[in-house]
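Hello,

Please find below the structure I said I would pass on. My notes on what turned up in it follow.

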Amino acid sequence: MTSSVREFSSDEARAKFVYKYFGFYHEKFADFCWFAQKEGKSLGYCLGAPMTDSSFFVYQPHLEVFNDLYEVFPAHLHINLHPDSQGLGIGKLLVEKWEEVARASGALGMHIMTGVDARNKSFYLRQGFTTEVVRNYKGNPILFMGKNF
Ligand SMILES: CC(C)(COP(=O)(O)OP(=O)(O)OC[C@H]1O[C@@H](n2cnc3c(N)ncnc32)[C@H](O)[C@@H]1OP(=O)(O)O)[C@@H](O)C(=O)NCCC(=O)NCCS
């Protein structure tokens, strides 16, 4: 519901997309998958990994363009809330929890990637992701936002 990609050419293409953004992390980094729910309703999730290395590039090739930044900002997260749950402060709670777990793992910092004109940029700035780097992947700019611990 929150992705710009909503239609898939086949079930296989959809499964590949789900693995890229969910299964990959759940399989390898289950301790870094956090879900918010209330009275049985899913509100959103925050997931990722305490580090980022070349083993990620097979599924997420765009990560390679920021390879030199992972030493300082190793932990990598994705967050998405159900549209009914956006703008209520739930994202802040999820990122705070996720950061706590990332810090406990020994990571020195964390990062996210988003679009250069994405509305969520102000959210990340408020959560302390103040290092901004823009690089192109296949002709499209990607905004990297990092936070040191
Ligand atoms: C970005 C997101 C995780 C923030 O969590 P949240 O609980 O809504 O955030 P808060 O209530 O603490 O703060 C509100 C801020 O969230 C962001 N936000 C709220 N709704 C949003 C939406 N539909 N799309 C993108 N960002 C949104 C804005 O930065 C907003 O600040 P603003 O009011 O100054 O524009 C959540 O809104 C979301 O899942 N948005 C859609 C998907 C998305 O952008 N995921 C991140 C991909 S990198």
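**The ligand shell**

The shell around the ligand is made up of 6 nonpolar, 10 polar and 2 charged residues. The model is a predicted one, so please read everything here with that in mind. Of the 18 residues around the ligand, the ones that come nearest are Leu81, Gln86, Gly91, Asn120 and Phe123. Four elements each contribute at least two residues to the shell: strand S3 (75–81), helix H2 (90–104), strand S4 (109–114) and helix H3 (121–126).

**Overall layout**

The chain contains 3 helices and 6 strands. Read from the N terminus, the order of elements is α-β-β-β-α-β-α-β-β. Along the principal axes, the C-alpha atoms occupy a box of roughly 40 × 35 × 30 Å. Buried residues make up 22% of the 149 in the chain. Among contacts with a separation of 6 or more, 62% are between residues 24 or more positions apart.

**The sheet**

The 6 strands form an open sheet in the order S1-S2-S3-S4-S6-S5, and the pairing is mixed. Strand S1 (33–38) and strand S5 (131–137) are the edge strands; each has a single partner strand, so one side of each has no neighbour in the sheet. On average, neighbouring strands in this sheet are turned by 25 degrees against each other, with direction ignored.

Two helices pack on the sheet. Helix H1 (residues 11–28) touches S1, S2 and S3, and its direction makes about 70 degrees with that of S2. Helix H2 touches S1, S2, S3 and S4, and its direction makes about 155 degrees with that of S3. H2 is also one of the elements that supply the ligand shell.

S1 and strand S2 (residues 41–49) pair in the antiparallel sense, over 6 bridges. Cysteine 33 has leucine 47 in S2 as its bridge partner, and glutamine 37 stands opposite serine 42 in S2. The two strands form a hairpin with 2 residues between them. In that turn, glutamate 39 has a positive phi of about 50 degrees.

How many of the 6 residues of S1 are buried? The number is 0, so S1 lies largely in the open.

**Glutamine 127**

One loop residue is also listed here. Glutamine 127 sits in the loop between H3 and S5. Is glutamine 127 buried, exposed or partly exposed? Glutamine 127 has 18 C-beta neighbours inside 10 Å and therefore counts as partly exposed; 20 or more would be needed for buried, and 12 or fewer for exposed. Leaving aside residues up to four places away in sequence, glutamine 127 touches Lys92 and Val95. Lysine 92 is 35 residues from glutamine 127 in sequence, while the C-alpha to C-alpha distance between the two is 7.2 Å.

Regards

Technical notes:
Residues numbered from 1 in each chain as written. Predicted model: local features only at pLDDT ≥ 70, side-chain atom pairs only at ≥ 80, totals over all residues. Near = placed C-beta within 6 Å. Nonpolar A, V, L, I, M, F, W, Y, C, P; charged D, E, K, R; others polar. Pairing = 2+ DSSP bridges. Axes fitted to C-alpha atoms, helices over the stretch in contact; angles between N-to-C directions. Contact = placed C-beta atoms within 7 Å.
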